[in-house]
Amino acid sequence: MVRPPVCDSPHRACISVLLVLVSAVPAWAEPAKAPAEPPESVVAIADVHNDFDDFVAILQHTGLIDEHNQWTGGKTTFVQVGDLLDRGPKPREVMDLMMALEKEAAPAGGRVVSLLGNHEVMNIMGDLRYVTPVNYASFADGHSEERQKAAYDEYVKWRASHASLLAELPQPMELTEAEWMARHPAGFVEQRQAFGPKGEYGEWLRGHAAVAEIEGIIFLHGGIHPDLGKTKLDAMNHRIHDEIKAFDASKQYLQNEKLILPFFNLQEINNVLQAEVIAEIKSHVPTNDERRAKIQELLRHVDWLSVRVDGPLWFRGYDHWSDEEGAPQVGKLLEGYKATHLVVGHTVQKDGRIRPRFGDKVFLIDTGMLSSYYPGGRASALEICGGAKFVAVYLDQQVVLLDSTGSPPQNGGPGEHLAVGDGTTGSGKVAVLPADRICSATTAAPQ
């Protein structure tokens, strides 16, 4: 179990003077109580999708970074539950910020936990359906045109040497230079290199886990399907890492065999491998066992835990289940893992609000930060105080979703009090808290 660091007690000065003063205190006087330490704080943020500006805004609003985008979160644990990438305009800025915060948080006693989402794995494997021309352009430099032309020349040579394979392709590949260039714009080649095993971002992403448990709370991108309920969290992480390693190894082997090219996307790889299998059968020429095994391994990737729709990066059951269906399933999962809550992203909540479900045991925190893509979406964070108080933080308000500390409700405005559970007042209005750090003003959970 991962335990976020606990804040140190305030420093005491002039010890010798204090000892003199203490000796003068009457014997019946009670010793002064030390100030209560702030509760442990965890801040979780879901799908960013390259929306750097709103990501920075919510990080600043929660006090995790300053106006220079440097870590000011102290001993807070910051969890990002995946899908930093795709759709929005600034992939490199988002990843560069996360990489910097990982380094800055540790010396301050804090921690940054960056988890894999389905879009991180898609970029690693070359599933580029949601990568935009603007995303590619962010990787371009003054030599991109040369690299683009060199890649096209390599592609032309590959086509010339694979005539029998091309005849079996289920979908024809580009025939003209203009078509190829349109599908491989400036920055495309560099983007693929950057997400490779030795690339700046690819190496960083491959070091991330898919699921984390922090103080009894499980964080991940999609969710844990009930059929995986007996799989240990560490085993899930190892399995997904092993699948990515297997993908990298098979792809590299088939590149060395000149069967595929380094910049082929996942769809192209699948098409080529399927055609190769058919071509080999028709030729009646047996292939070597290793080559056949690598081809079959890549063709079976759709069944991998990292890619399956019921896997931890893609599962949407916590959003789709009815209350009657989900409550017992979630109860069994939490009991099996000896955990208290699940926090997930992946599925955008239609009202742009963090949504607690199943007796406040699951928190769905993807609120569609990239509002240009998700109408009505907005930036948000879930702040967890001492493992007991769960607060939805937006740029314009903060709403208590669950408070099991036993502390009295805080005022949300004149004559209004927060209602635990749904973040609304008795009149149905949303109650707004002061815009400061929640946990610093919260009574610590009972030990």
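Predicted model: local features only at pLDDT ≥ 70, side-chain atom pairs only at ≥ 80, totals over all residues.
Is R355 buried, exposed or partly exposed, and what is its relative accessible area?

1. R355 is partly exposed, its relative accessible area being 30%. The side chain of R355 forms a salt bridge with that of D319, at 2.9 Å from N to O. Because D319 belongs to helix α14 and R355 to strand β7 (residues 355-357), this pair ties together parts that are 36 residues apart in sequence. D319 has a relative accessibility of 15% and therefore counts as buried, the cut-off being under 20%.

2. A salt bridge also links the side chains of R291 and E257, again with an N to O distance given as 2.9 Å. R291 is part of helix α13 (residues 289-299), whereas E257 sits in the loop between α11 and α12 (266-283), so the pair connects parts 34 residues apart in sequence. R291 is buried, with 13% relative accessible area, while E257 is partly exposed at 32%. Salt bridges with shared partners join E257, E276, E280 and R291 into one network.

3. Within helix α6 (residues 144-160), D153 and K149 are four residues apart, which means that about one helical turn separates them. Their side chains meet in a salt bridge of 3.0 Å, N to O. Both residues are partly exposed: D153 has a relative accessibility of 32%, and K149 has a relative accessible area of 38%. In total, the structure holds 17 salt bridges.

4. E120, in helix α4 (residues 118-125), is buried yet has no salt bridge. The nearest side chain of opposite charge is that of R87, 10 Å away. A polar atom of the E120 side chain does, however, lie 2.7 Å from the backbone nitrogen of L84. Leaving aside residues up to four places away in sequence, E120 touches G82, D83, L84, L85, L115 and L205.

5. Helix α15 (residues 323-337) has 15 residues and should span 21 Å at 1.5 Å a residue; its end C-alpha atoms are 21 Å apart, in agreement with that expectation. The buried residues of α15 are G326, V330, L333, L334 and Y337. These residues lie on the same side of α15, because they cover an arc of only 90 degrees around the axis. The elements covering them include β4 (211-214), β5 (217-220), α11 (233-256), α14 (317-320), β6 (341-344) and β8 (362-364).

6. On the face of α15 turned away from its buried side are the exposed residues E324, K332, E335 and G336. K338 follows α15 and has a positive phi, near 55 degrees.

Methods. Residues numbered from 1 in each chain as written. Heavy atoms only, no water. Helix = DSSP H or I, 4+ residues; strand = E, 2+ residues; numbered from the N terminus. Expected span 1.5 Å × (residues − 1). Buried < 20%, exposed > 50% of the residue type's maximum accessible area, 1.4 Å probe, protein only. Arc of directions from axis to C-beta. Contact = heavy atoms within 4.5 Å. Lys, Arg positive; Asp, Glu negative; His and termini not counted. Salt bridge = Lys/Arg side-chain N within 4 Å of Asp/Glu carboxyl O. Polar contact = N/O pair within 3.5 Å; in protein donor to acceptor, adjacent residues only side chain to side chain.
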